[in-house]
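Colleague: I am new to reading models. Could you take me through this one?

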Amino acid sequence: MTEDITKKKYMNFKEIAAYSLGLFGFQAIVGLLNSYQAEFDGSILGANVSVVAILILVAKIVSAVADPVVGNLVDRSKSKHGKFKSMILYSIAPLLIFTAVVFVKVPFEGFGLYAWIFITYLIWSIAMTMGDVPSQGIASVLTPNPTERTNVVSISNTFKQVGFSACVVIVPIVCLIIPNGSQVFGFDKEVGDTPMIASEYFWVAVLTAVLGCVLFALIPMLNKERVTTDNAEKTTARDMLNALKNNKPFMLVIISYFLGFGRQMAMGIQVQAATVILGSQNLVAVLGIVTAVGSMISMALCPLLIKKLNERNAYILLSVYGFAASIFSFIVGHFWFSNPKNIVLTVLFYASLFLIGLQFGAVTLMPMIMTADTVDYYEYETGKRMEGACYSILTLTIKVCLALGTAVGLIFVQVSGYYDSLASGSFSNSTKDTIFFAYTALPGILALLSIFPMLKYDIIGEKKEKIAAALAQRRK
């Protein structure tokens with residue numbers, strides 16, 4: 001039985017492509033908000049980015065209530081379209097609309113401005129949750145074959161990572177298309193393309209929202225939910241807490257992710273880092289592409305690492321490596337800032353950013369694979385399958401860590417003197433070091449801390465195969 005379940009292929013190329021492109025589109029929207037919202041609020045709306053950072057964090061925590069609600073609705077759903085696919089369809093319209101609304105230039109000041117920022121971002125966060133929980137959770141039901149699932153998650157999360165960084169390419173293209181000196185729907189267009197102006201932000205948001213939602217719709221249109229159960233009873237908050245408490249492997253995954261929240265920091269301040277280090281917001285594509293290439297290679301190699309080492313050891317290896325690569329990059333950057341014309345230091349600087357990217361399979365791919373495995377484990381132990389609950393907790397964790405990483409990063413940006421020097425375009429080495437520390441070294445230190453819970457994770461090897469075989473027999 002073990003041999004049958006681990007060798008049979010259930011998904012065809014069209015389904016894998018649809019799931020991968022869907023995650024690409026969804027993450028393109030998430031990456032845009034994560035990278036550019038704070039900069040828009042600070043440079044266009046005139047908000048204090050430290051306050052914005054706190055508002056983003058609070059909005060994420062408040063919207064966290066939606067995660068278990070969505071997870072509960074998913075677990076209870078009896079939709080003929082599939083419990084995950086139906087929720088994805090409901091999320092598309094609000095996600096599209098509020099992605100654009102967040103980047104509207106409003107005439108508010110003071111309390112009114114901060115209330116607008118908070119409310120619009122909170123609504124967007126809830127819409128994002130409606131798509132995020134089921135799009136991640138559906139991975140556990142696309143195929144009963146755990147080996148095939150690992151490969152599909154690896155492929156799709158490579159697209160997901162590329163999508164998360166897509167804004168660094170979309171933004172410069174839109175900025176080149178929009179002509180100087182024009183007005184677009186009331187947005188004043190000033191001469192010059194650095195820093196970005198209101199119309200550029202708005203049309204980037206519109207283009208990303210439309211493209212992202214069209215691709216996201218491919219998931220419910222073309223994928224099948226193959227692993228089904230008769231469990232559709234109401235799942236209470238206490239049930240979810242018990243599922244977390246009684247599912248020790250899943251709890252270890254969540255704790256590890258929280259400890260490594262700093263790995264989310266780099267994307268949150270990537271625009272500011274590009275402005276300080278490379279001299280232009282539009283050169284954020286350089287930082288994003290160099291790191292993204294390393295990240296894609298990392299995720300492509302993850303199935304091989306898992307096969308050779310298992311999930312736990314692969315995660316630990318990538319985290320230790322990430323710490324070493326991040327510290328190396330910070331040291332190289334420190335010397336390069338003082339001598340940017342040195343060819344050797346320049347090559348080492350960009351090479352170090354590529355090397356940092358090689359760790360990101362650990363934070364973007366492994367938690368998805370491990371959570372799917374712990375869902376199987378919980379069903380094996382209790383007979384109750386709670387994909388919605390587990391993935392709502394995971395997506396909640398991801399969002400809170402992303403907001404926390406962004407908030408901490410933006411505080412480093414504010415303390416560094418970034419906005420005091422932005423108008424002149426001249427930044428001191430002290431400002432560069434402070435921002436680059438938040439961009440590289442601190443995430444590496446926290447990545448190292450994240451390995452300790454993983455030392456006790458044991459849904460690997462023969463135990464994982466035994467669970468898959470037993471569940472296949474029950475369903476048969």
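Colleague: What volume does the largest pocket have?

Modeller: This is a predicted model, where local features need pLDDT of at least 70, side-chain atom pairs count only at pLDDT 80 or more, and totals for chains, interfaces and linings use all residues. Residues are numbered from 1 along each chain as its sequence is written, and side-chain values use heavy atoms, without hydrogens and water. A pocket is an open set of points on a 1 Å grid over the protein atoms alone, where a 1.4 Å probe fits, with protein on both sides within 12 Å along at least five of seven lines; lining residues have an atom within 4 Å of a point. Points join across faces, edges and corners, and the volume is the space filled by probe spheres set on them. For the largest pocket that gives about 380 Å³.

Colleague: Which element gives the most to the lining of the largest pocket?

Modeller: The lining has 13 residues, with Thr-147 and Lys-464 among those nearest the centre. Elements giving two or more are α7 (146-164), α15 (284-309) and α24 (461-475). Helices here are DSSP runs (H or I, at least four residues), numbered from the N terminus. With 4 residues, the top giver is α7.

Colleague: Does Asp-132 count as buried or exposed?

Modeller: Asp-132 is found in helix α6 (residues 110-137). Buried means under 20% relative accessible area, exposed over 50%, partly exposed in between (1.4 Å probe, protein chains only). Asp-132 has 5% relative accessibility, so the answer is buried.
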